[in-house]
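Me: I have a structure here that I have not seen before. Can you walk me through it?

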Amino acid sequence: MSSQIAAQAARRRTFAVISHPDAGKSTITEALALHGQAIASAGAVHGKGDRKGVVSDWMSMEQDRGISITSAALQFEYRDCVVNLLDTPGHADFSEDTYRVLTAVDAAVMLLDAAKGLEPQTLKLFEVCRARRIPVITFINKWDRPAKDALDILEEIEERIGIKPTPVTWPVGVGGEFHGVIERMAIDGTQAGGMVRYERAPGGQHLAHTEVLTADEAAERFGEDYSRAVEESELLGEVDADFDPKTFEAGHTTPTLFGAALVHFGVGQLLDLLIDIAPSPFAREDTAGSPRELESGFSGFVFKSQANMNASHRDQLAFIRVCSGRFERGMQVTQAQGKRTMSTKYAQTMFGASRDTVEEAWPGDIVGLVNASGLSVGDTIYEGRAVEFPPLPAFAPEHFGALQMHDTSKAKRFRRGIAQLDAEGVVQVLYSDRRGEATPVLAAVGPLQFEVTIARLSAEFDVPATIDHLPYKLARVTDAEGAKRLLTAPGVEVFRRPRDGAHLVALPNKYRIATIANDYPGIVLEPLLAGG
Ligand code: GDP
């Protein structure tokens with residue numbers, strides 16, 4: 001059994017795509033799945049051949065339930081590996097869950113729009129990867145359209161986020177003249193050379209044709225574009241921008257590919273690269289810092305908790321990242337935090353609108369547990385020897401609102417509901433002396449978290465409530481003394497976060513940080529994870 005666990009873990013690659021809306025995440029997800037032959041054609045995943053299918057499927061479910069059914073994981077086989085692609089919801093459903101997904105992956109693909117370069121949401125997600133030491137592969141997308149200069153994009157990445165791109169491929173031509181890429185490196189470090197020429201498949205529903213050309217053939221066919229690409233690629237070698245596994249794993253370099261997800265250019269190479277260089281699941285550390293070996297009994301943690309808004313049976317869907325051992329549907333597991341045992345009869349995989357029952361899962365896989373009320377984000381479940389993984393971090397909120405309950409006879413229920421939603425990680429609950437216990441302030445990464453809170457307070461606790469938005473956009477952590485000093489500071493507000501006992505200062509903009517630092521010398525103002 002233990003050798004089977006090790007073998008299954010070794011063939012898993014679990015990752016997420018981090019990007020700004022519109023960079024092409026849905027498109028590349030679909031293209032990856034198509035390459036992985038999880039499905040027959042791109043349209044099959046999303047229905048009706050509609051390229052926007054992933055999004056629209058979610059939308060209809062969101063409308064049905066009044067909240068976002070944020071996603072889970074897409075699983076497919078490629079070569080001899082099993083790929084788990086976790087979704088990072090963006091757009092209007094960007095929330096703390098989006099960040100939390102990154103606690104459950106072993107690698108990330110940073111997807112950039114070639115005409116736009118680094119954009120705000122990508123930067124925030126990248127910061128989470130950096131903090132968690134998740135290795136990042138960069139895919140520069142939409143190279144079939146007018147783009148920024150390739151070398152400029154590399155420079156932008158290096159200068160703005162301090163990670164050095166090491167191009168694995170280099171584009172020959174751009175826009176309508178994007179012919180293919182030079183393969184700069186074979187992954188084992190030997191020079192690969194040659195050019196992979198791309199050709200569009202009609203209709204975009206099928207894999208692009210690729211053809212490997214020798215240097216001579218490429219020079220003959222693509223003259224100027226090819227020689228320019230060769231020159232630039234050689235230049236990169238001179239500035240030490242060649243792939244290096246050690247610095248990649250340490251998060252100091254990012255292997256970089258150029259492509260166009262829409263026409264599947266470069267997508268196969270991205271998958272190959274993931275299989276070849278992305279880490280497979282490794283032994284996670286428990287709260288005491290000792291690793292839970294992969295071959296130990298089953299263990300996993302909840303990285304996402306989804307309320308089913310169906311009032312007739314208040315159901316909770318918990319998404320578990322398997323960390324060790326073999327998960328088998330129906331097994332009894334123990335919840336580390338409550339020392340409760342629970343059954344796993346209803347286990348599913350879930351992506352988009354499709355759900356399948358899952359019978360077994362291995363380290364790196366994602367399992368959705370239905371009927372998992374009582375499981376909160378960050379909770380560990382296990383079989384056999386006890387283990388508890390560290391709690392998930394709270395991320396930097398960017399939206400603040402005062403929660404108002406209108407029926408004071410329900411105060412007790414209101415408090416219970418708020419505590420429950422806070423514990424589940426639905427939203428961060430803050431208190432201030434100024435507002436008192438009856439008026440908590442909610443803090444969130446995305447406004448969707450407020451909507452979910454209001455909907456669940458009403459549906460599950462029968463407490464209608466409303467939110468008054470507050471004019472704060474970011475937060476800093478201070479100490480007890482800082483909290484006292486800032487009590488009367490204009491334009492900011494000081495809160496306690498009972499979840500971890502932190503003192504948070506909510507601020508309208510980052511200029512106010514500078515003026516506070518100026519007006520209150522020596523004040524502690526620490527940034528929180530991600531955001532700014
Ligand atoms: P998401 O918001 O990141 O999920 O982005 P989508 O996958 O929905 O893509 C946004 C838009 O960019 C859509 O109109 C796509 O068809 C388009 N798009 C995505 N990838 C490419 C690409 O490689 N080339 C071109 N020309 N368009 C692309």
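Me: How do β2 and β3 pair?
Reply: Strand β2 (residues 73-78) pairs with β3 in the antiparallel sense over 6 bridges. Strands are DSSP runs of E with at least two residues, helices are runs of H or I with at least four, and both are numbered from the N terminus. Two strands pair if DSSP finds at least two bridges between them.

Me: What numbering is that, and what sort of model?
Reply: Residues are numbered from 1 along each chain as its sequence is written. The model is predicted: local features need pLDDT of at least 70, side-chain atom pairs count only at pLDDT 80 or more, and totals for chains, interfaces and linings use all residues.

Me: Back to the hairpin. What is between the strands?
Reply: The hairpin of β2 and β3 has 2 residues between the strands, and Arg79 there takes a positive phi near 50°. Tyr78 has Cys81 in β3 as its bridge partner.

Me: Which way does β1 run relative to β3?
Reply: Strand β1 (residues 12-19) and β3 run parallel, joined by 5 bridges. Phe15 is bridged to Leu85 in β3.

Me: Why is β3 called largely enclosed?
Reply: Because 5 of its 6 residues are buried, β3 is largely enclosed by the rest of the structure. Buried means 20 or more other C-beta atoms within 10 Å of a residue's own, exposed means 12 or fewer, and partly exposed is in between, with C-beta atoms placed from the backbone.

Me: Is Pro89 buried or exposed? And what about His91?
Reply: Pro89 counts as buried because it has 20 C-beta neighbours inside 10 Å. His91 is partly exposed, with 13 other C-beta atoms within 10 Å.

Me: New topic. How far apart are the ends of α8?
Reply: The end C-alpha atoms of α8 (residues 215-238) are only 20 Å apart, although the helix has 24 residues. A straight helix would reach 34 Å, the expected span being 1.5 Å times one less than the number of residues.

Me: Where is the kink?
Reply: The kink in α8 is about 125° and centred on Phe222. That bend is the angle between axes fitted to the seven residues ending there and the seven starting there.

Me: Which residues of α8 are buried, and what covers them?
Reply: The buried ones are Ala218, Phe222, Tyr226, Ala229 and Ser233. Their cover includes β7 (169-172), β8 (180-183), β9 (195-199) and β10 (209-213).

Me: And Gly378, where is that?
Reply: Gly378 lies in the loop between β22 (366-369) and β23 (380-382). Gly378 counts as buried, with 22 C-beta neighbours inside 10 Å. Leaving aside neighbours within four places in sequence, Gly378 is in contact with Phe301, Val302, Pro391, Leu392 and Gly425. Contact means that the C-beta atoms of two residues, placed from the backbone, lie within 7 Å.

Me: Last one: how much of the protein is buried?
Reply: Buried residues make up 49% of the 532 residues. The protein has 14 helices and 30 strands.
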